[in-house]
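Visitor: I would like to learn how to read the salt bridges in a structure like this one. Could you take me through them step by step?

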Amino acid sequence: MDKKFIELDDNVLDQILKSETDLRNYSQQVESDLKHYENLDVEKYIKSGDQIVTLHKHLNHCENVLEHTESVLYTFQEELQNITNEITRLQQRSIFMAQQLCNRQSVKGLMHQFIEDVIVSETLISVITTCSVTDEKFSTHLSVLNYKILFVDEQNFKDVKSQNDVKDVYEKLKITATSKIRHFIMEQINKFKKPTTNYHIPQNTLFEYKFLFEFLLNHDSISAQEIYNDYIDTLSKVYFTYFKSYLTYLQKLQFEEAATKDDLLAVEDPTSRTLFQKSMKKNTVFTIGNRATVLNEIDNSIIIPHQNNVTNLSFEAIFRSVQYALVDNACREYKFDCEFFKVDQPTAQGLFSKIMGKTLTLLIKHLEHFVENCYDALALFLCGQLSMRYQALCQNRLVPVLAQYWDTILAMIGTRFRFILERHIQSVKDYDISKFNKEKKPHFIVRRYAELVSAIVSFSENNKCEPELICSLTEEVLGFVLRLATMFRTRKDRLIFLINNYDLVLRILMERVRDSSFEVDRFKEELSARSKDYVDEVLQVYFGGMMKFVTDAENGQDIDSDSRQLGLAKTFTSTWKMSLEEINKEILPSFPNLTTGASLLQLAFSQLIDYYHRFQKALLASNKAQLPNIHVIMIEIKKYKTNY
């Protein structure tokens, strides 16, 4: 029965409850309706019986088809599961086989490399046993042998049995190779011992085949130590003999005449010396001349006695040649030791000391002998400058092994140099001024001072060579010149003497010293002050009245006397031209340096013009008319202008 007939709507039920219908009647009515509908449904079912039977058959057939399909699907599912399992198994087997292949290939490569590293080829045996060590094949196969020996030794620690099959063969090859290498190196070292041999040639050969010693160092330490000791012993003797002979040869070319304890600033040359000796002494003791050229020749070729045909060498020239030979050989030896013997810097320092120690001691003693008896400050100065330059050269070449040597040399030279400067200072202090001949020209001591100090200041590094002693010497010379000046009777003569001496020193200093220095500034200051004093002294003679009048006027004293002013004006007007001429005649001949004389003359005229201007200002207007025009005086002064 359809739901709409059995379900009661809320509204219907509500209407029933609100109405007065009898429920029993209503239920009977409902039951009657249900019965009616039931009969209708049964009748419809009976009429549709054949269709229901047919539907039932179709349903049974569909059920059978579905059961078969389900069975097929279950079977297919099982087959798929089996296929999946098989694929997984094959995949795992494939991965395993790939890993096996990879492992076997790795083992194959290692085994192939191992066999290659262990195997002893006929070529290797033939080359090592028959070829010369200088043959290119030998060097190539020696590297191979070195590698194989090290490889076999490594396998021995790993307890690899196969290495026993080739160990004896490699041991024999190693003995053969080390024997040939030892013989070759010892042969090259023996070449050093031949007197006429240039030891650079066998050393270059050894350096070219330095890999041979490296092989020996790795595989035959006893032979390597033997070569090491023999090389040290041989080269030590070679260098010592070479430098000893070289010093002997050069000493024969040195000046026989040397500075003595009497060759000081304030000591005159003895009259007993020959003219040649005196000339030579002047050129070597105080005047540097061409001696400073050695400072520009630090890396020039050394002096070769039998080739250069030179004589009368100064000590600094010999010193330069010897020290450059030392620097050249020391740098070469140090680099050879580091490369050939495969040592680090501290070890190379010790090795170098064993090889060059006797030679360095020889050179130090030779210099010490010279220094002990040396009174030539310039020679010591130049040797010190050379030492500093060679010290810097070694530092630039990264060769530290001579550092202590240079320190010793410089300390020795510096001590003696200071001693000589102190003696020069003391000689100036002790000079007996009563010997002075009262000549106004520059004194010989001042000239020597200027030559000596200009050389030291101009060629020293940064002008810092014993600055305190140089300053003391400068002050002592200045005081000495003042003491000599007191020997003159007149102030004018004293000033001329001072100016001539100061001017000489300044000319020499400024000619050679590029930068300003204490000495230049000090003498400029003194020369300027004395020049002004001298000009005032000269003007005082010819224009003293005018100058005093100007001074009194500027000091506020009474100058209103008309007669005094008029007298001064007339005197100036009548005498100024003649006075200019007299001043010119007086100043120029008084100074050997014409430039200085001309400068002082112009300074005097400038000072005169200045006084004249001030004189005009102080005069009364009526008296100014007596004076000549300033332009007239200027024109006259220009006539005395020189071209110096």
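Guide: The general idea is that a salt bridge is counted where a side-chain nitrogen of Lys or Arg lies within 4 Å of a carboxyl oxygen of Asp or Glu. The model shown here is predicted, and by this rule it holds 28 salt bridges.

Visitor: What is the distance between the closest N and O atoms of D233 and K237, and where do these residues sit?

Guide: The closest N and O atoms of D233 and K237 are 3.4 Å apart, so the pair meets the 4 Å limit. Both residues belong to helix α10 (residues 221-251), where being four residues apart means a separation of about one helical turn. D233 is partly exposed, at 38% relative accessibility, and K237 is likewise partly exposed, at 47%.

Visitor: Which residue forms a salt bridge with E526?

Guide: That residue is R522, with 2.7 Å between the closest N and O atoms.

Visitor: Which residues are linked with E526 and R522 in a network of salt bridges?

Guide: The network also takes in E475, R491, R530, D533 and E537.

Visitor: Are R483 and E476, which also meet in a salt bridge, buried or partly exposed?

Guide: Their side chains meet at 3.8 Å, N to O; R483 is partly exposed at 28% relative accessibility, whereas E476, at 16%, is buried.

Methods
Residues numbered from 1 in each chain as written. Predicted model: local features only at pLDDT ≥ 70, side-chain atom pairs only at ≥ 80, totals over all residues. Heavy atoms only, no water. Helix = DSSP H or I, 4+ residues; strand = E, 2+ residues; numbered from the N terminus. Buried < 20%, exposed > 50% of the residue type's maximum accessible area, 1.4 Å probe, protein only.
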